[in-house]
Amino acid sequence: MQTGLRKPLAFLFGFSLVASLPLPAANTVANPTPQAASTLAASILQSKRIVFLGDSITAGAGYVIGVAGALRSQRLPNGGPEVISAGLSSETTSGLSEPDHGGVGDKGFPRPYVHERLTRVLDLLRPNVVFACYGINCGIYQPFDESRFEAFRSGMQRLHEVVEKSGATIVHITPPFFDSSRKKTQEYYPEVMRRYSDWLVSKRSEGWHVIDLHTAMKNEVLRRRETEPNFTMAPDGVHPSEEGHWLMARQVLGWLGDKEASQSPSLQALMEARHVAPQVGTLVRQRVQLTRDSYVHAAGHKRPGVAKGLPLEEAQARATEIDRQIDALLAAP
């Protein structure tokens, strides 16, 4: 797996002919044929860099680590795509923020707005593919309001256009299920998120690639509550548990055509089934976390309290060493 910036792409990454080909254009029908979906997934798996954008759920990186680990367990040529989390806590695509977000008075700060940093992130990381998971912060935890909904739609449309203009393929992930059983004062918010998710799914008719995480998570929570009334995948109503993050990863992996991963109860179980040493999972976690901190800081943002990480060159060197260790483990008999 290669690290570093793609300037120029062919020189730094040593693209194979297949991997250097552009990803397919967005399919123009609501439900791509199995062949079209398979072609897109294959192209993504042959790409060089996948970047995940999002809020604190993506910054937490649990599901990103799950995706990265599962891809590594496939033993793809050249290590497969480099997977990076560039999530930033509190971030929105709507540009909205609560007056007292982050604390009262001078302790507070407005929610970061992805469009304040998006171009810098894309210029720095040069992804082939962007997975974007936004929405749960975008309604700022208030009842449904058409003006807030329009801010979300406009921000998401702009996100889509800017990423595509950069030359990357964008895949949207609908927001996770908001668990109002843990937030009794916000029992209206699941309906807000349903509307936001439904709108994103409707964009498939315009060729957008959309993974409907929201419905999958809601259905799983409701199913589990039939026998476990207090079950949740978000103990604070917002942030998924470890199990919730793996469910998120499973939706992405299933969309990428990895049926075995999409049905596995955990990343550990998947790696065991694929005869992958458990140390690989630990190393993948380390890699995702160290590159996240360094790249997010290097691109710049306005949110206080975010770890700076290692200087970029040092982080890239350490990532290369981790890749070497992972490759050795995967090659061992």
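Helix α10 covers residues 242-255, and its 14 residues should span 20 Å at 1.5 Å a residue; the end C-alpha atoms lie 20 Å apart, so expectation and model agree. The model is predicted. Its mean pLDDT is 90, and 88% of residues reach 70 or more. Residues 2-32 have a pLDDT below 50; this stretch has 60 contacts in the model beyond near neighbours in sequence. Where pLDDT is low, the predicted coordinates should not be read in detail.

| Helix | Residues | Number of residues | End-to-end C-alpha distance | Expected span |
|---|---|---|---|---|
| α14 | 312-331 | 20 residues | 28 Å | 28 Å |

**Helix α10.** The buried residues of α10 are G244, H245, W246, L247, M248, A249, V252 and L253.

**Helix α14.** From first to last C-alpha, α14 reaches 28 Å, close to the span expected at 1.5 Å a residue. A315, Q316, A319, I322, D323, I326 and L330 are buried in this helix. They lie on the same side of α14, because they cover an arc of only 120° around the axis. An α-helix has 3.6 residues a turn, so residues three or four places apart point the same way. The buried residues of α14 pack against α5 (62-73) and α13 (278-299). E313 and A331 are exposed, on the face of α14 turned away from its buried side.

Conventions
Residues numbered from 1 in each chain as written. Predicted model: local features only at pLDDT ≥ 70, side-chain atom pairs only at ≥ 80, totals over all residues. Heavy atoms only, no water. pLDDT = per-residue confidence, 0-100. Contact = heavy atoms within 4.5 Å. Helix = DSSP H or I, 4+ residues; strand = E, 2+ residues; numbered from the N terminus. Expected span 1.5 Å × (residues − 1). Buried < 20%, exposed > 50% of the residue type's maximum accessible area, 1.4 Å probe, protein only. Arc of directions from axis to C-beta.
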